[in-house]
Amino acid sequence: MSEFLLTVAALVVVTVAIGLLRVLRGPGDADRIMAVQLLGTGGIAALLLAGSATGEAGRVDVALILALLAAFASIAFTKAPSG
Amino acid sequence: MSGLLDLWTVVAVSGGAFFFLAGTVGLLRFPDVLTRLHALTKADNLGLGLVVLGLLPRAEGLQGAVKLLSVWLLVMLSGATVSQLIARVAGRESPPA
Amino acid sequence: MTPASLLDLGIGAVALALAAFAGAARSSFAAIVGFVALGLLLALAWLRLGAPDVALTEVAIGGGLTGLLLIGAERRLRARAMAEASDPVSTRVRVAAAVLSAGVAAGLAAAVLSLPIPAPTLGPAALRELPRTGLDNPVTAALIAFRAFDTLAEKVVLLLALVGVWSLAPDREWGGRPGQRYPLDADGVLAFLVRLLVPVGVVFGGYILWVSAGAPGGAFQGGAILATMWLAARMAGLTDAPRLCASRVRWALAAGPLVFFAAGLAGPLVAGGFLAWPVGFEKPVIVAIEIPLMLSIAAVLGLLLAGPAQRDGAR
């Protein structure tokens, strides 16, 4: 089971990586801000899967803080007018 | 019983992974910012939800399960609202014709 | 290749790619987004390396606060660049900078790779003494019991940095409010989200401090979360920065280090040395110190990001 969960976690990371390739290219800042969202959601999924596989302590807390702060980072970026 | 729970975990987590993949395919294939935003917010959030549901049987007690669910709720809430803000940035950059 | 190493390889590869992107991006905005995304990914890496406390700090600082700091810096630099004539950096300087950076990176890599395996560490000694501190989290024990002096000194360094930032204020604005006043759209999406999330964040910050006795967490991470919540409330226009000459601001900043220092001074009287904690009372003493400490950390980090005073000066 833990092998399966780790494999899915790796898969999610690869998916996020491919998405990042597209999203960081732009054009436009809205695309780039989505990189934070993508990494937030994907990162949380990979974190929960990997943590559940190895039974590490505190993984859900890190996932919670990641959820909270990815949201605020995105907010900060949308509030930044760019030229 | 534990075999059934394991089956649930495998099915739900696989479904979650599928939706993550679908979200990335959307990111790659959709033609403009707003549709890409759609793909990202909806598919990835659903993928995360399925992953959370799949990991629930493995959570540490009631507190662990509640924490897992609150992660999902938090991501859904912030995803829904932040995507509105991102869409505004997109609208500022390329005003709809 | 096991799934675990596949996962770790994937994380490492994406981290390198993001770092390269952040360095090579054309627009500063893209570079900053890439940098923050890298920070969020590194949290996953820290967890895989078995350091959940560092993962929490990486997200709290790298995700929220550093991103905000860089955006503010970029905005100020951009305003200045528009006023001054541009002065492009010559290719020679660029090449020299690249060579220097590569040299530093190579030196670091050589140093890390040349460490003996297993690397010298105080870990086992710390774990051995852990029961005497009344705590279960070795990181917290190191921060507040074994190396309390370092932690106290760090807080003072943070205060000094803040004074440095404040000194950048123009004379007539000294003691005024830092940063701009953000407009409030009371029915807007942002205000709604912030109103919902800030209470969650505040509770979570307190929770992270409370569990740090036995689980990953700590006063610093909790304080960083609280600071981010305050900055978010400012960005939504729901609150304004206080005037920096206000006494409550000064007290909030000083309370943590003062309490810490006072407790440390009481050490020689009750426990045998500066910053020694009385046997049997470690847990209550540590909690009593960490709560004002977290509030001071939150105040310092929030104000560091708010910047020097810009309006409503005292003079």
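Reply: Happy to! Accessible areas here come from the Shrake-Rupley method with a 1.4 Å probe. Please keep in mind that this is a predicted model.

Me: Thanks! How much accessible surface does chain C have, and what share of it belongs to carbon and sulfur atoms?

Reply: The accessible surface of chain C comes to about 16300 Å². Buried residues make up 44% of the 315 residues in this chain. As for the share of the surface that belongs to carbon and sulfur atoms, the value is 69%.

Me: And what is the share of buried residues in chain A?

Reply: Chain A has 83 residues and exposes about 2000 Å², with carbon and sulfur atoms supplying 62% of that area. A residue counts as buried when its relative accessible area is under 20%. By that cut-off, the buried share of chain A is 76%.

Me: Which pattern of helices and strands does chain C follow along the sequence?

Reply: Chain C contains eleven helices and two strands. Its C-alpha trace spans about 65 × 60 × 40 Å along the principal axes. Read along the sequence, the pattern is α-α-α-α-α-α-α-β-α-α-α-α-β.

Me: What about chain A: in what order do its elements run?

Reply: Chain A has three helices and zero strands. Its C-alpha atoms fill a box of roughly 50 × 25 × 10 Å along the principal axes. From the N terminus on, the order is α-α-α.

Me: How many aromatic pairs are there over all chains, and why is Phe77(A) with Phe29(C) edge-to-face?

Reply: The search of the whole structure finds four aromatic pairs. For Phe77(A) and Phe29(C), the ring centres are 5.7 Å apart and the planes meet at 80°. Planes over 60 degrees apart count as edge-to-face, so this pair of Phe77(A) and Phe29(C) is edge-to-face.

Me: Which residue lies over the face of Trp230(C)?

Reply: A charge sits over a ring if, among other conditions, NZ of Lys or CZ of Arg is within 6 Å of the ring centre. Here the distance from the ring centre of Trp230(C) is 5.7 Å, and the residue is Arg234(C).

Me: Is Ala63(A) buried or exposed, and which residues does Ala63(A) touch?

Reply: Ala63(A) sits in helix α3 of chain A. With a relative accessible area of 0%, Ala63(A) is buried. Not counting residues up to four places away in sequence, Ala63(A) touches Ile44(A), Leu47(A), Leu48(A) and Val71(B).

Me: And which residues is Ala227(C) in contact with?

Reply: Ala227(C) lies in helix α9 of chain C, residues 219-235. At 1% relative accessibility, Ala227(C) counts as buried. Leaving aside neighbours within four places in sequence, its contacts are Leu65(C), Ala298(C), Leu301(C) and Gly302(C).

Me: One last thing: how far apart are the centres of the positive and negative side chains of chain C?

Reply: Chain C has 23 positive and 18 negative side chains. The centres of the two sets lie apart by 6 Å.

Key
Residues numbered from 1 in each chain as written. Chains lettered and ligands numbered in written order. Predicted model: local features only at pLDDT ≥ 70, side-chain atom pairs only at ≥ 80, totals over all residues. Heavy atoms only, no water. Phe/Tyr/Trp six-rings, centres within 6.5 Å; stacked < 30°, edge-to-face > 60°. Lys NZ or Arg CZ within 6 Å of the ring centre and 35° of its normal. Helix = DSSP H or I, 4+ residues; strand = E, 2+ residues; numbered from the N terminus. Buried < 20%, exposed > 50% of the residue type's maximum accessible area, 1.4 Å probe, protein only. Lys, Arg positive; Asp, Glu negative; His and termini not counted. Charge placed at Lys NZ, Arg CZ, Asp CG, Glu CD. Contact = heavy atoms within 4.5 Å.
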